[in-house]
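Q: I've got this model open and want to get my bearings. Can you walk me through it?

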Amino acid sequence: MLHRFSIKIGGASGTGINTVGMILSRALKRIGFFTFAYREYPSLIKGGYASYKIEFSDSELNSTSKYADINIAIDKASFTHLAKEAEASTIFIYDSDVIQLREDDMAILKEKNIQVFSLPLSSKAKEVGGDVIMTNSILIGAVWNLLGLSPEIITKAVIDVFNKTKEIEENNKKCTIAGFKFLDTQTKLLERFKPQEFANKRISITGNEAISFGAIASGVRAYFAYPMTPSSSILHVLAKYADKTGMVVKQAEDEITAANLTLGANHAGTRAMTATSGGGFDLMTESVSLSGMTETPFVVVLGQRPGPATGMPTWTAQSDLNIAIYGGHGEFPRIVLAPGDADECFYLTAQAHNLAEKYQTVVIILTDKYIGESIYSTDKFDNNKIKIERGKMLFENFDKEKERYEYTEDGVSERWLPGDRANTFIANSDEHDIHGNSIEDAILTKKIIEKRLRKEKSIMDSIPEPIIYGTDNADISFVGWGSTKHIILDAMDELERQGKKINFLHYSYVYPLKVQTLSKFAAKAKKLILVENNATGQFGNLLARYTNVKFHERFLKYEGRHFFVEEIIEKAIENEKGSKAKNS
């Protein structure tokens, strides 16, 4: 049994299951639990099957598990899905006003010996003077009672959300209490957990929100984007805070426009950013190359999703590493970052802008739906840790003879704002000399290309090695990048409780690739396993290009779903048993 408790709510998109999950999660955090939440939904505005899952514990967790302790179905489609997933220990709640169970439905639950509670949600809401839309408050109260918790905190959490008028507040309060009293049962579901007071002081935040606040903290003053799941909510968050921050936030008509607006703003000296998904990044690659040629800082968030073309817009994958590294024609330096949690989303976004300006190049922040939309419980971010570094940017002491693209040892030339008192220069898409004048001369072309590529060594020297977690003398060693970070770390915690020796090498700075730590890590590994959310092992292939490291196994998942913590645990145990059998 995992040291956590989970609740999964299923229903059609647009029926308020996200609000139910958010309220329960917020209230659990107030009690002193560490929480993590993730939602799944089809690419429909309304209808289909969607779910919201809350995980909580008295120790830190940042991943999702495969099963739930409580499954809640509010329509027939969600009942079908959740009944298949349920285990013998699962408690099942369903809305009896909407779902009429047939004999075969009951047979599924009886076969698994599942404890079932039926709730007439809309009937109960009307009975206490509420409206049909307040059925979710009935449900929230009932679940809270089932957890054996006191009603005051959950009532306050409901009112905090539904507080448009005094009447709405009171009716939702009545519905929450009615739901709490309806399930008149005493349980000890949470007796193995001891809430931690300091957990309440943490913030709950999605990866995309953390990226947004990281952009604000690092001095981004212009954001241009065309909505594309899973990065769309960055646009929503920054638009919400535009008046307060003074940031220009614009929804462009397409991704090409968004990229060029971002590039133009950076050329003029304003820190700017854009975000998109795979298909949008395809359209942006000409601008990516233009950034490489003009040596203009350019930061883009690439939110990955499964499949080529439109693919599966509302599901998750790590399948765009190749295009992040190789997308765009010609040869020029770039940096690819892949945050592994909300903290890294915040701090690496700030670092992305520093690196883009310091090396006057493209920086791609690789995310995915799992990390972008998961709700993490984390410590408050420290803005004092954010240092704005603009690199070789001239604001005074101009030299009229200075050339924009002059040859330097580190490949980085000084830059200044167009229209300043310094020398004028041309910045267009043609190959150019140090003045920016178009050239086709072989010798000058070779020199300017070599000048740009010298940045690669400077970049490599400035980025950190990957981080090793866990024991030095491990039986199983995992390697991963980006959003697999806490799935593996949480699995390690569970495995260590079982006395297993596990370690893990995590990459957040994905490209250029640092390999010294990896080589030492792999040399000591008894069983080295690569973990990736794609079909071809793109990161493993990148490592093979630069090292002689050989993985004993590549654990790949490519069905549009993230890894569950149990899958990593099972993989570790399976390999440990295999190793013991081989040695016996």
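This is a predicted model: local features need pLDDT of at least 70, side-chain atom pairs count only at pLDDT 80 or more; totals for chains, interfaces and linings use all residues.

Q: Okay, Glu-295 then. Buried or exposed?

A: Glu-295 counts as buried, because its relative accessibility is 0%. Its phi is near 55 degrees, a positive value in a residue other than glycine. Most residues other than glycine have a negative phi.

Q: Where does Glu-295 lie?

A: Glu-295 is in the loop between α12 and β11 (298–304). Helices (H or I, at least four residues) and strands (E, at least two) are DSSP runs, numbered from the N terminus. Helix α12 covers residues 278–294, and Glu-295 follows it.

Q: What's α12 like, mostly covered or mostly open?

A: Mostly covered, with 12 of its 17 residues buried. Among the buried ones are Phe-281, Met-284, Val-288, Met-293 and Thr-294. From first C-alpha to last, α12 reaches 24 Å, close to the 24 Å expected at 1.5 Å a residue (that is, 1.5 Å times one less than the number of residues).

Q: Where does α12 bend?

A: At Met-284, by about 50 degrees. That bend is the angle between axes fitted to the seven residues ending there and the seven starting there.

Q: And α5, how many of its residues are buried?

A: 12 of the 12, so α5 is largely enclosed by the rest of the structure. Ile-138, Leu-139, Val-143 and Trp-144 are among those buried residues. The helix runs over residues 135–146, and its end C-alpha atoms are 17 Å apart, which agrees with the 16 Å that its 12 residues should span. Just after α5, Gly-148 has a positive phi of about 75 degrees.

Q: Changing topic: how many cavities are there?

A: Two of 30 Å³ or more. On a 1 Å grid over the protein atoms alone, a cavity is a set of points where a 1.4 Å probe fits but cannot get out, and a pocket is an open set with protein on both sides within 12 Å along at least five of seven lines; lining residues have an atom within 4 Å of a point. Points are joined across faces, edges and corners, and a volume is the space filled by probe spheres set on them.

Q: What lines the largest cavity?

A: Glu-295 again, along with residues including His-267, Thr-294, Arg-404, Arg-415 and Trp-416. The space in that cavity is about 70 Å³.

Q: How much space lies in the largest pocket?

A: About 790 Å³. It has 23 lining residues, and the closest to its centre are Met-22, Thr-206, Glu-209, Glu-373 and Ile-375. Two or more lining residues come from each of α1 (17–31), β7 (203–206), α9 (232–240) and α15 (369–373). Of these, α1 gives the most, with six residues.

Q: Which residues have the most contacts inside the largest nonpolar core?

A: Tyr-223, Ile-234, Met-273, Val-363, Phe-478 and Ile-568, in a core of 62 residues. Such a core is a set of buried Ala, Val, Leu, Ile, Met, Phe, Trp, Tyr and Cys residues joined through side-chain atoms within 4.5 Å. Helix α14 (residues 342–359) supplies the largest share, nine residues. Apart from this core lies another, of 44 residues, with Ile-7, Tyr-52, Ile-54 and Ile-93 among them.

Q: What does Phe-478 touch?

A: Leaving out residues up to four places away in sequence, its partners include Ile-488, Phe-504, Leu-505, Phe-521, Ile-568 and Lys-571. Contact here means heavy atoms within 4.5 Å.

Q: Last one: Asn-113, buried or exposed?

A: Exposed, because its relative accessibility is 62%. Asn-113 has a positive phi of about 55 degrees although it is not a glycine, and its place is the loop between α3 (103–111) and β6 (115–119).

Definitions and conventions
Residues are numbered from 1 along each chain as its sequence is written. Side-chain values use heavy atoms; hydrogens and water are left out. Buried means under 20% relative accessible area, exposed over 50%, partly exposed in between (1.4 Å probe, protein chains only).
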